[in-house]
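I'll jot down each thing I look up as I go.

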Amino acid sequence: MPQSANDIDESLEEELKSKTEIKREMHQLQDFAQSIIEMSKHQRSRLPLTDDLKDAMVVADKIKNKHEALRRHIRHTAKILLETDLEPIHHAIEVMANKHQQETAKFVRLEAIRDELIEQGNDAVEALIVEFPNIERQKIKQLIRHAAKEVKAEKLGKHYKNLFTYLKENA
């Protein structure tokens, strides 16, 4: 039972959806269901799927070679998705899709840390060790010292790369 005029308006809007709008939404859900089914098992394991959706994925894996059965199963999966909160699933898919961008951002950050360590020396080392306690103080100082010599000589080489590699492994 609606409590206010706003509730009445919202319920009327839901009731007044055209048949075309409903079909369009179902087609979108079917496309989404198909994209989830086409993912590898490893990718799907990283999605927050409900038990019903997990069961539907198991069945989908079994009938992948049966075109008509798979088409009907996709429609069934779309109906399950209709009753599911899709926001966490969309978020997980976005994170998987943006993994390359995240890796690139991490590399840029590590390069900035490396350059800062070479420029600032011991002050930056202390701040880095506070942020990443598993970094060995003596090892990082030695790598910085050798990399700084290479930078000063304008010949970036082995130690400059080794400092970056050490940061990548431990930071």
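This is a predicted model: local features need pLDDT of at least 70, side-chain atom pairs count only at pLDDT 80 or more; totals for chains, interfaces and linings use all residues.

**Entry 1: the fold**

In what order do the elements of the protein chain run from the N terminus on? I read them off as α-α-α-α-α-α-α-α-α-α. The tally for the protein chain is 10 helices and 0 strands.

**Entry 2: overall dimensions**

Next I looked up the radius of gyration, and the protein chain has 27 Å. For a compact globule of 171 residues the value would be near 16 Å. I also took the span of the C-alpha trace along its principal axes, which is about 75 × 50 × 25 Å. As for burial, 31% of the 171 residues in the protein chain are buried.

**Entry 3: salt bridges**

How many salt bridges does the count come to? I get 7 salt bridges, and I went through some of them one by one.

I started with Glu-68 and Arg-71, whose side chains meet in a salt bridge at 2.4 Å, N to O. Both residues sit in helix 5, which covers residues 67-82. They are 3 residues apart, about one turn of the helix. Glu-68 counts as partly exposed because its relative accessibility is 38%. Arg-71 is partly exposed too, with a relative accessible area of 37%.

Then I turned to Asp-115 and Arg-114, where the side chains form a salt bridge at 3.6 Å, N to O. Is Arg-114 buried or exposed? Arg-114 has a relative accessible area of 9%, so I put it down as buried. Asp-115 is at 30% relative accessibility, so that one goes down as partly exposed.

I have Glu-126 as partly exposed, given its relative accessible area of 35%. Arg-137 is at 39% relative accessibility, so it is also partly exposed.

**Entry 4: a charged patch**

I went looking over the surface for charge and found a negative patch. Asp-51, Asp-52, Asp-55 and Glu-83 form it. I followed up on Asp-51, which lies in helix 4, residues 51-62. Is Asp-51 buried or exposed? Its relative accessibility is 57%, and the cut-off for exposed is over 50%, so Asp-51 counts as exposed.

**Entry 5: back in helix 4**

Ala-60 is in helix 4 as well. I looked up its cover and got 0% relative accessibility, so Ala-60 is buried. I also checked Ala-60 against Thr-77, which is 17 residues away in sequence. The two C-alpha atoms are 9.2 Å apart in space.

Where is Asp-31 found? I place Asp-31 in helix 2, residues 19-38. Asp-31 goes down as exposed because its relative accessible area is 53%. Along the chain, Asp-31 and Arg-75 are 44 residues apart.

**Entry 6: a backbone angle**

Last, I noted Glu-154 for its backbone. Glu-154 has a positive phi of about 55°, although it is not a glycine. It lies in the loop between helix 9 and helix 10, the latter covering 158-170. Is Glu-154 buried or exposed? At 71% relative accessibility, I count Glu-154 as exposed.

Notes
Residues are numbered from 1 along each chain as its sequence is written. Side-chain values use heavy atoms; hydrogens and water are left out. Patches are made of residues with over 30% relative accessible area and no salt bridge: like charges are joined within 9 Å, nonpolar side chains (Val, Leu, Ile, Met, Phe, Trp, Tyr) within 5 Å. Accessible areas come from the Shrake-Rupley method with a 1.4 Å probe; for residues, only the protein chains shown count as cover. A salt bridge is a side-chain nitrogen of Lys or Arg within 4 Å of a carboxyl oxygen of Asp or Glu. Lys and Arg count as positive and Asp and Glu as negative; His and the chain ends are not counted. The place of a charge is taken as NZ of Lys, CZ of Arg, CG of Asp or CD of Glu. Helices (H or I, at least four residues) and strands (E, at least two) are DSSP runs, numbered from the N terminus. Buried means under 20% relative accessible area, exposed over 50%, partly exposed in between (1.4 Å probe, protein chains only). The radius of gyration is taken over C-alpha atoms; the globule rule is 2.2 Å times the number of residues to the power 0.38.
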